[in-house]
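Hi,

Here is the structure I promised to pass on. Have a look, and then read on for what turned up in it.

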Amino acid sequence: MEKGVLFIALLISAFYSSSEAADSQTSFEDNFSIMWSEDHFKTSEDGQTWYLSLDKETGCGFQTKQRYRFGWFSMKLKLVGGDSAGVVTAYYMCSENGAGPERDELDFEFLGNRTGQPYLIQTNVYKNGVGGREMRHMLWFDPTEEFHSYSILWPPNCVSLVLYLILISEYMPTELLQNRFFVDEVPIRVFKNNGDEKNDFFPNEKPMYLFSSIWNADEWATRGGLEKTDWKRAPFVSSYKDFSVEGCQWEDPYPACVSTTTKNWWDQYKAWHLSDSQKMDYAWVQRNLVIYDYCKDNERYPKLPGECSLSPWE
């Protein structure tokens, strides 16, 4: 099994550029197609800001027209404000248009809450249609007040999956500032792959589309389904702008750029490994932000999945 890495990143400032990789910051129609409920999709007058809405009848979603295998993908989002209990905004990569039985997926979902309560972010990984790798984290900023850049970093040849919160210093928690941990990159999840046949739960073989959607999940999303969606507050609206991609666009049967070349920044050593400072930040996250970790759920998994035994520090 080929070693691989998939990084999901939430960024609050653009941070990479590459003359070798394709970059796209064009209109919605150039990059995306509406998946369902086109009447729940709107754009600003200049066409540069896009809105998905959810009401009691339906939500809405979109996907990229192209598939990719490896690279960096970024978009700015502003989440539903106010009382958003039961509402989920999903942002993810998936190898299929629907929730197919053999899909690979790297998934994170923003879980709405009652007014004044923080959003939670849930991440999950699917390999050949099997998931069950959930983690939940708190956020230490309000994702409804302004746009923030959420990015997926998926290099081809490495050993971990990392969910980054990339922050400029004024957004950092006090503890991080006091301890000088404001090194822009704050990893909050590490999903290891060591290439061992016994640890084969890693999505690195199938090209993926990028998706986003808004939908009702009040049967589970907020306090395990205890808090229901307040439809008197509908429509619930999530906002998007500034999509960009630097990656390997898929072409059948097999594009040359999918091979490891180290020509692009996302195919180099620094994109594959955590620095010493990032390891310190990761430790802070584990102490302060983790709500749920499947690797610590012995009731659910009497025998933990193989990747849980791999050290996140190496």
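To start with a strand: which residues point one way from β9, and which the other way? L120, Q122, N124 and Y126 go one way, I121, T123 and V125 go the other way, and all are buried. Buried here is under 20% relative accessible area, exposed is over 50%, and partly exposed is in between, with a 1.4 Å probe and protein chains only. Strands are DSSP runs of E with at least two residues, numbered from the N terminus.

Before going further, a word on where this comes from: it is a predicted model, in which local features need pLDDT of at least 70 and side-chain atom pairs count only at pLDDT 80 or more, while totals for chains, interfaces and linings use all residues. Residues are numbered from 1 along each chain as its sequence is written, and side-chain values use heavy atoms, with hydrogens and water left out.

Back to β9, which covers residues 120–126 and is mostly covered, with seven of its seven residues buried. Its partners are these (two strands pair if DSSP finds at least two bridges between them):

- Strand β8 (residues 105–111) runs antiparallel to β9, and seven bridges join them. L111 is the residue opposite L120 in this pairing.
- Strand β10 (residues 135–138) is also antiparallel to β9, over four bridges. Here I121 faces H137.

The rule is NZ of Lys or CZ of Arg within 6 Å of the ring centre and within 35 degrees of the ring normal. K241 does likewise with F147, lying over its face at 4.5 Å from the ring centre.

R103 turns up again in a salt bridge with E105, at 2.9 Å from N to O. For that term I mean a side-chain nitrogen of Lys or Arg within 4 Å of a carboxyl oxygen of Asp or Glu. Both E105 and R103 are buried.

How many salt bridges are there by this rule? The count comes to 13. Two others are worth a look:

- R114 and E227 have their closest N and O atoms 2.8 Å apart. They link distant parts of the chain, with R114 in the loop between β8 and β9, E227 in the loop between β14 and β15, and 113 residues separating them. R114 is partly exposed at 23% relative accessibility, whereas E227 is buried at 17%.
- D83 and R233 come to 3.6 Å between the closest N and O atoms. This pair too links distant parts of the chain: D83 is in the loop between β6 (68–78) and β7 (87–94), and R233 is in the loop between β14 (209–216) and β15 (236–249), 150 residues apart. D83 is buried at 9% relative accessible area, while R233 is partly exposed at 46%.

Last, the aromatics. The whole structure has 18 aromatic pairs. W215 and W220 have ring centres 6.3 Å apart and planes at 50 degrees, so they count as tilted. The cut-offs are rings of Phe, Tyr and Trp (its six-membered ring) with centres within 6.5 Å; planes under 30 degrees apart are stacked, over 60 edge-to-face, and the rest tilted. W215 is partly exposed at 25%, and W220 is partly exposed at 23%. Elsewhere, ring pairs join F28, F32, F41, W50, F62, Y240 and F243 into a cluster.

Cheers
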